[in-house]
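Q: I would like to learn how to read this structure one feature at a time. Could you take me through it slowly?

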Protein chains: 2
Amino acid sequence: MSKNIPTQEQCEVVSGLLKNLAHPQRLMILCQLTAGPKTVSELEELSGASQSAVSQFLGRMKAEGLVDATRETQYVYYEIKDPRVKKLIQSLDRIFCANP
Amino acid sequence: MSKNIPTQEQCEVVSGLLKNLAHPQRLMILCQLTAGPKTVSELEELSGASQSAVSQFLGRMKAEGLVDATRETQYVYYEIKDPRVKKLIQSLDRIFCANP
DNA sequence: TCAGTATATTATAATTTTATAATATATCAA
DNA sequence: TTGATATATTATAAAATTATAATATACTGA
């Protein structure tokens, strides 16, 4: 139960990562990805965001090391790479979406 | 270990809340508040943000029901009201700042 | 009352994000 | 090869956020 105050640098890193989740469709994309790999067009469908927006978002997340992409025939499958992202989404689910 | 996919509405609510944490100084303010109530000027000092910025941020968070304010003599003490915010900050600490 | 400190509000310029359109590339199937 | 589908890139307009300055309000103590 210690009150752990983060450093300024930690706040910068974590808040930078949180920006990716602070948008309804992008959060949905990440939640969908915690259930397993998905193609760009599947994520487009599941999130309601445009092709371009989804592709741009995934590209950015890949550059940040949060997701991985693998081409398989004509599809590109994305999946979560950084385990902290998965943990974070799970925490969000527990805190905000739990059915008590 | 169920893969709980949120609704679009849940994503809107949660991502809206996450916007408050997706900024280094605002995240710092919320982390400081998890350790107990603080005045505006204390938070100004602790976060490095300007008086106006801190006040605006706290006002917005209060309007959203995330924090509470109580005036005590000439100072206004802010504290976290929504227990989910506290839980979220604790999760962030565990996931991103844990010393293993 | 007045001066000083704490906080809030308002306005606005500067910056960043977001959405969108257009186009490019890659792969497949015929 | 050609046409169709999947994904990526680029450019840019629109919208939202952020930082800042200026000012206002609230309280205190002398």
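Predicted model: local features only at pLDDT ≥ 70, side-chain atom pairs only at ≥ 80, totals over all residues.

Q: Which phosphate oxygen lies 3.1 Å from a polar side-chain atom of A:Ser55, and how should I read such a distance?
A: A polar contact is a pair of N or O atoms within 3.5 Å; within protein, one must be able to donate a hydrogen and the other to accept it, and residues adjacent in sequence count only if both atoms are side-chain atoms. Here the phosphate oxygen belongs to DNA strand D, and the polar side-chain atom of A:Ser55 lies 3.1 Å from it. Residues are numbered from 1 along each chain as its sequence is written, chains are lettered from A and ligands numbered from 1 in the order in which they are written, and side-chain values use heavy atoms, with hydrogens and water left out.

Q: How many residues surround DNA strand D?
A: A residue is near a strand if one of its heavy atoms lies within 4 Å of it. By this rule 21 residues surround DNA strand D, and the closest are A:Ser41, A:Gln51, A:Tyr78, B:Arg26 and B:Gln56. Of the atoms of DNA strand D that come within 4 Å of the protein, sugar and phosphate account for 67%.

Q: Which helix gives the most to the surface near DNA strand D?
A: Helices (H or I, at least four residues) and strands (E, at least two) are DSSP runs, numbered from the N terminus. In this case H4(A) gives the most, with 4 residues. To sort residues by class, count Ala, Val, Leu, Ile, Met, Phe, Trp, Tyr, Cys and Pro as nonpolar, Asp, Glu, Lys and Arg as charged, and the others, Gly among them, as polar; the surface near DNA strand D then has 5 nonpolar, 13 polar and 3 charged residues.

Q: What surrounds DNA strand C?
A: There are 21 residues around DNA strand C, the closest being A:Arg26, A:Gln56, B:Ser41, B:Gln51 and B:Tyr78. H4(B) gives the most to the surface near DNA strand C, with 4 residues.

Q: How should I read the contact between chain B and chain A?
A: Contact means heavy atoms within 4.5 Å, and here the contact takes 35 residues from chain B and 35 residues from chain A. Buried area is the accessible area (1.4 Å probe) that two parts lose on being put together, summed over both; between chain B and chain A this area is about 3200 Å², of which carbon and sulfur atoms give 76%. H5(B) gives the most to the side of chain B that touches chain A, with 10 residues.

Q: In what order do the 3 strands of the open sheet in chain A stand?
A: Two strands pair if DSSP finds at least two bridges between them. In chain A the order is S1-S3-S2, and the pairing is antiparallel. Strand S1 (38-39) and strand S2 (67-72) of chain A stand at the edges, each with a single partner strand, so one side of each is left without a neighbour in the sheet.
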